[in-house]
Amino acid sequence: MLTASIIDSVVQWATTLIGDWGLAAVFFLMLLESACIPVPSEAIMPFAGFAVSEGHMTLLGITVAGVLGNLAGSWIAYAIGYYGGRPFVERWGKYVLLRPHHLATAQRWFDHYGAPVVFFGRMIPIVRTFISLPAGFGKMPFWKFTLFTLLGCIPWVFMLGYVGVKLGANWEKIRPYLHYADYAVVVVGVVFIVWAVLRWRRRRTEGGPGPADYGDEA
């Protein structure tokens with residue numbers, strides 16, 4: 001984990017950049033986070049939300065910029081994993097402060113859950129930032145990776161921005177506690193998935209149509 005002084009320096013730089021460049025900075029910073037550069041979304045999006053509360057941007061604008069930034073950064077990490085492979089990442093990742101246990105955690109989740117972890121992993125600490133790499137290692141189909149990434153980024157980015165809007169100038173006070181929100185979003189997502197599966201099984205038992213076959217998992 002990064003030291004507090006490094007984190008504070010990164011946060012200071014990120015918030016200054018957003019203040020100067022607005023939506024372009026939100027896109028760029030969220031791109032860095034998903035490209036495995038240690039820029040915390042827990043600081044980026046709440047500060048962007050604070051800017052919304054001050055009338056400088058809109059919630060829709062920061063959400064779109066944040067989601068697209070995450071998607072673009074994830075494409076970069078996916079391509080590095082796809083074409084470079086794990087040995088390349090392990091050799092050069094240290095230069096962007098990627099630690100072996102972070103990569104191992106993301107790899108373990110991907111190996112255990114497969115392609116769906118690209119969706120719900122976007123709301124889990126560490127996994128969220130690095131999951132694109134094992135997806136690339138495993139040659140996950142690009143269209144599926146893109147879809148799952150996009151859908152997984154939306155609730156997390158929107159929630160952080162909305163929290164920033166509601167807290168206004170107090171956004172930084174809750175930054176150390178925002179990692180608990182990761183788990184809350186995961187719980188909601190799991191409950192929804194379980195509900196959908198049970199509903200489908202009940203319909204199937206009653207003779208209703210099942211879901212279409214969308215292809216084999218990567």
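Helices in what follows are DSSP runs of H or I with at least four residues, numbered from the N terminus. The model is predicted, and the points below should be read with that in mind.

**Alanine 35**
- Alanine 35 sits in the loop that runs between α2 (23-34) and α3 (41-53).
- Because buried means under 20% relative accessible area, alanine 35, with a relative accessibility of 16%, counts as buried.
- Once the neighbours within four places in sequence are set aside, alanine 35 is in contact with Gly73, Ile76 and Ala77.
- The C-alpha atom of alanine 35 is separated by 9.3 Å from that of isoleucine 80, although the two residues are 45 residues apart along the chain.

**Nonpolar surface patch**
- Trp13, Phe27, Phe28, Leu60, Val64 and Leu68 together make a nonpolar surface patch of about 570 Å².
- The elements giving two or more residues to this nonpolar patch are α2 and α4 (59-92), and the largest share, 3 residues, comes from α4.
- Leucine 60, which is found in helix α4, has a relative accessibility of 63% and therefore counts as exposed, given that exposed means over 50%.

- The lining of the largest cavity consists of Glu33, Ser34, Asn70, Arg122, Arg128, Cys153 and Trp156, with α2 and α9 (142-167) each supplying at least two of the lining residues.

Conventions
Residues numbered from 1 in each chain as written. Predicted model: local features only at pLDDT ≥ 70, side-chain atom pairs only at ≥ 80, totals over all residues. Heavy atoms only, no water. Buried < 20%, exposed > 50% of the residue type's maximum accessible area, 1.4 Å probe, protein only. Contact = heavy atoms within 4.5 Å. Patch = residues over 30% accessible without salt bridge, like charges linked within 9 Å, V, L, I, M, F, W, Y side chains within 5 Å. Areas by Shrake-Rupley, 256 points an atom, 1.4 Å probe, with all protein chains shown as cover. Salt bridge = Lys/Arg side-chain N within 4 Å of Asp/Glu carboxyl O. 1 Å grid on protein atoms, 1.4 Å probe; cavity = no way out; pocket = protein on both sides within 12 Å on 5 of 7 lines; lining within 4 Å.
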